[in-house]
Amino acid sequence: MEDIQVLVVHVRGQDERKAYMQKQLDELGWPYEFILDGNVSDLTTDVLDRYFLNDHKPGTMYGQFPRTSCTYKHLLATQYILDKNLEGALVMEDDLRLYPHFKELFLKSMAEYRAHYANLPFMANYEESSLLLVPRSMRAKGRMLYPANRDRFAGCLYINNKCARVIMDYVNEYKADLISDRLHNMLVEKGLLKYFWSYPCLACQCSCDGSMPTMIPTKPRPLKRLKWFYKRFYKHLLYFFR
């Protein structure tokens with residue numbers, strides 16, 4: 001059975017999250033690497049000038065912000081694919097919960113990718129975190145990958161080498177002024193990369209379903225876990241009838 005390189009976007013020092021991911025990844029049996037560089041304290045002026053647009057706008061990415069750290073770590077993972085000349089890599093965030101049969105279904109999707117999409121700048125999203133699903137009217141028996149015209153967060157992505165080149169070429173020329181998923185979305189809208197959603201979804205970010213706190217500051221969300229449960233039920237029902 002083939003090995004898939006896994007890259008984990010990880011906040012250095014968050015040992016509980018690291019142990020959580022290690023347990024799941026050891027069970028998968030694939031080679032994995034934690035992206036440890038890129039913490040907020042690592043965002044020097046040289047790093048910011050190289051990767052981020054200094055536009056002085058509200059919400060700018062240029063600065064020592066958690067959102068900038070997360071995006072920089074994603075860029076380091078993307079550059080890793082190019083530096084190691086990998087066919088591609090599975091990029092995960094460090095709060096990702098893998099669903100049962102993840103390995104079996106992911107490898108099935110890779111067979112589909114190689115049969116139909118390997119010549120494209122290809123990115124596929126496998127997570128349920130955004131609760132954006134493939135409508136039932138579009139689903140086909142035996143098929144896992146469906147073309148999409150927008151992102152679905154950045155917690156569980158397969159990025160091939162051609163796609164990694166598109167992302168890094170863009171950032172090297174124009175700089176990043178968006179968080180990772182919105183950067184990907186903008187590149188999709190420009191027609192520079194091809195984005196796919198999996199069905200079924202194979203994972204979920206624990207910070208999205210409320211089972212872990214988020215590392216990026218947000219407004220308090222009381223009863224988040226309970227609200228997620230009901231919203232997930234509603235969304236699955238809604239997409240079933242679409």
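**View 1. Helices α5 and α6 pack at an angle of about 100°, with their axes 11 Å apart.** Here α6 covers residues 180-189. Axes are lines fitted to C-alpha atoms, for helices over the stretch in contact, and angles run from 0 to 180 degrees between N-to-C directions. That angle makes α5 roughly perpendicular to α6 (under 35 degrees counts as roughly parallel, over 145 as roughly antiparallel, 65 to 115 as roughly perpendicular, and the rest as oblique). On the α5 side, look for I167, Y170 and V171; on the α6 side, for L183, H184, M186 and L187. Contact here means heavy atoms within 4.5 Å. By class, that gives 6 nonpolar residues, 1 polar and no charged (Ala, Val, Leu, Ile, Met, Phe, Trp, Tyr, Cys and Pro count as nonpolar, Asp, Glu, Lys and Arg as charged, and the others, Gly among them, as polar).

A quick note before moving on: this is a predicted model, where local features need pLDDT of at least 70, side-chain atom pairs count only at pLDDT 80 or more, and totals for chains, interfaces and linings use all residues. Residues are numbered from 1 along each chain as its sequence is written, and side-chain values use heavy atoms, with hydrogens and water left out. Helices (H or I, at least four residues) and strands (E, at least two) are DSSP runs, numbered from the N terminus.

**View 2. S180 sits in helix α6.** S180 has 5% relative accessibility, so it counts as buried (buried means under 20% relative accessible area, exposed over 50%, partly exposed in between, with a 1.4 Å probe and protein chains only). Leaving aside residues up to four places away in sequence, S180 touches C70, T71, H74 and A154.

**View 3. Helix α3 crosses helix α5.** The axes of α3 (residues 66-83) and α5 (residues 161-174) come within 9 Å and cross at roughly 125°. The two helices are therefore oblique to each other. From α3, L75, T78, Q79, I81 and L82 meet N161, A164, R165, I167, M168 and V171 of α5. Sort the residues of this contact by class and you get 7 nonpolar, 3 polar and 1 charged.

**View 4. An open sheet is built from 7 strands.** Follow the order β2-β1-β3-β7-β5-β8-β6, and note that the pairing is mixed. Two strands pair if DSSP finds at least two bridges between them. At the edges are β2 (32-35) and β6 (145-148), each pairing on one side only. From one strand to the next, the twist averages 25°. Helix α1 (residues 15-28) packs on the sheet and touches β1, β2 and β3, and its direction makes about 160° with that of β2.

**View 5. Strand β3 is mostly covered, with 6 of its 6 residues buried.** In a regular strand the side chains alternate between the two faces of the sheet. In β3, G88, L90 and M92 point one way, while A89, V91 and E93 point the other way. Strand β1 (residues 6-9) runs parallel to β3 (residues 88-93), joined by 4 bridges. Along this pair, L7 stands opposite V91, and V9 has E93 as its bridge partner. Strand β7 (residues 156-160) runs antiparallel to β3, with 5 bridges joining them. There, G88 has N160 in β7 as its bridge partner.
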